[in-house]
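Colleague: I would like to learn how to read a model at the level of side chains. Where do we begin?

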Amino acid sequence: MTRERSPRRLRRRDRNALIAAALTALSFTASGCVVVHGERTVLPGATRAEAAKAVAAFTDAYNKADKAYDSSLDAPYVTGPLADIDAARLKAGHVNSPSGNASHVPLKLSDVKITIPKKAGWPRWFLADARGNKAGNYRWLLVFTRADLGERWRVAYLTLAAPGAVPRFKRDKDGWGEAVPASSAQLAVAPDDLSRSYVNYLKKGGKAFADGPNTSELRAYRQGQTRKPGLVRQYIDQPLTRGDYAPLALRTADGGALVFFTTHHYEKETAAANTSVPTPGKAVQALTTGEIHQSLTLESVAGQAALDPAGEGAVSIVAKVNGVTGAKGE
């Protein structure tokens, strides 16, 4: 699946690199005890072999869950925005097809490129950029993360990027990537401000984000949908920035960063008196509580990847996956 030419050699090299880096963090107390300051030591988040194994484990669990429409089968392998989106998708699939997914096609990832950043503290994480056999010719960007050495690797972000949209990443002499601090002031927008900035942009516009389908075109679409004869649409967008929804940023070769971040959205359709809102599709109906009469409110979560330039400039959304996670009829 990966481009690794000699797994045994790479495992040995990765292990030696991790041991060497850990040894630099040793401090000796007066009693002769050895203390490792892992929270302050800059280390690769994983070995390459470990990362490749995590990709394979996720893919296997993802396929089992998709075939059975059973979220319990891949729940231990997902977190953050992907966990919300995936659980809702599988729940809807199960409601509409309790016996499983008759149209299941196993996900196969090829040409897998793994970028593992060196960083201090937790969470540790890495990016897998692969060609998938679904969704056309898009690249699948999967961000694996864990908050403790004893935890399983889980995918927090899964987004789809067009070929050529994935940037080159900065790497050191050993091939490790560089994580960008969430509070970094070196970028056009600090990673921990990106979710909030994007939400503000959707509401008010501005120049913080470059034109595109997830920015200017989305705003134009919303404005055209806001008021139609007999139907009103309202939008509420919220940032998600904490815990498993925290942004993760990887330094690009040009000094900027590819930032993964999360947003939370509500879309409410309200019909005029004596009419009703259009009937949603089966997937949405499966996630709907209440009776749909005059209004329908859709709740969704989006995970997106953005190119955040160094210094000044407009941020470009290069990948986005948005999924309905709930609905309420009134």
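**Charges, a helix and aromatic rings**

Modeller: Glu267 is partly exposed, with a relative accessible area of 22%. Keep in mind throughout that this model is predicted.

Colleague: Which residue does Glu267 meet in a salt bridge?

Modeller: The general idea first: side chains of opposite charge can pair when their charged atoms come close. Here the partner of Glu267 is Arg233, with 3.2 Å from N to O. This pair links distant parts of the chain, since Glu267 sits in strand 13 (residues 257–271) and Arg233 in strand 11 (residues 231–240), 34 residues apart.

Colleague: Is Arg233 buried or exposed?

Modeller: Arg233 has a relative accessible area of 13%, so it counts as buried. The cut-off for buried is under 20%, and Glu267 at 22% is partly exposed.

Colleague: How far apart are the closest N and O atoms of Lys173 and Asp174?

Modeller: They are 3.4 Å apart, and the two residues form a salt bridge. Lys173 is exposed, at 79% relative accessible area, whereas Asp174 is partly exposed, at 39%.

Colleague: Where do Asp193 and Arg196 lie?

Modeller: The background is helix geometry: an α-helix has 3.6 residues a turn, so residues three or four places apart point the same way. Asp193 and Arg196 are both in helix 4 (residues 191–204), 3 residues apart, which is about one turn of the helix. Their side chains meet in a salt bridge at 3.9 Å, N to O. Asp193 is partly exposed, with 36% relative accessible area, and Arg196 is partly exposed as well, at 40%.

Colleague: Next, the helices. How far apart are the end C-alpha atoms of helix 2?

Modeller: The way to read this is to compare the span with what the residue count predicts. Helix 2 (residues 48–68) has 21 residues, so at 1.5 Å a residue it should span 30 Å; its end C-alpha atoms are 31 Å apart, which agrees. Just after helix 2, Tyr69 takes a positive phi of about 50 degrees.

Colleague: Which residues of helix 2 are buried?

Modeller: Among them are Ala51, Ala54, Val55, Phe58, Tyr62 and Asp66.

Colleague: Which residues form one aromatic cluster?

Modeller: Phe58, Tyr62, Phe126, Phe144 and Trp153 do.

Colleague: Which residue lies over the face of Trp122?

Modeller: A ring can be read for charges over its face as well as for other rings beside it. Arg124 lies over the face of Trp122, 5.2 Å from the ring centre. Likewise, Arg219 lies over the face of Tyr201, at 5.9 Å from the ring centre.

Colleague: Finally, the core. Which residues of the largest nonpolar core touch the most other members?

Modeller: That core has 26 residues, and those with the most contacts to other members are Phe58, Leu109, Ile114, Phe126, Leu142 and Phe144. Helix 2, strand 4 (109–115), strand 6, strand 7 and strand 8 each supply at least two of its residues. Helix 2 gives the largest share, 7 residues. Apart from this core lies another, of 17 residues, among them Trp125, Ala165, Phe260 and Ala319.

Colleague: What is Phe144 in contact with, leaving aside its neighbours within four places in sequence?

Modeller: Its contacts include Ala54, Val55 and Phe58, as well as Phe126 and Trp153.

Note on methods: Residues numbered from 1 in each chain as written. Predicted model: local features only at pLDDT ≥ 70, side-chain atom pairs only at ≥ 80, totals over all residues. Heavy atoms only, no water. Salt bridge = Lys/Arg side-chain N within 4 Å of Asp/Glu carboxyl O. Buried < 20%, exposed > 50% of the residue type's maximum accessible area, 1.4 Å probe, protein only. Helix = DSSP H or I, 4+ residues; strand = E, 2+ residues; numbered from the N terminus. Expected span 1.5 Å × (residues − 1). Phe/Tyr/Trp six-rings, centres within 6.5 Å; stacked < 30°, edge-to-face > 60°. Lys NZ or Arg CZ within 6 Å of the ring centre and 35° of its normal. Core = buried A, V, L, I, M, F, W, Y, C linked by side-chain atoms within 4.5 Å. Contact = heavy atoms within 4.5 Å.
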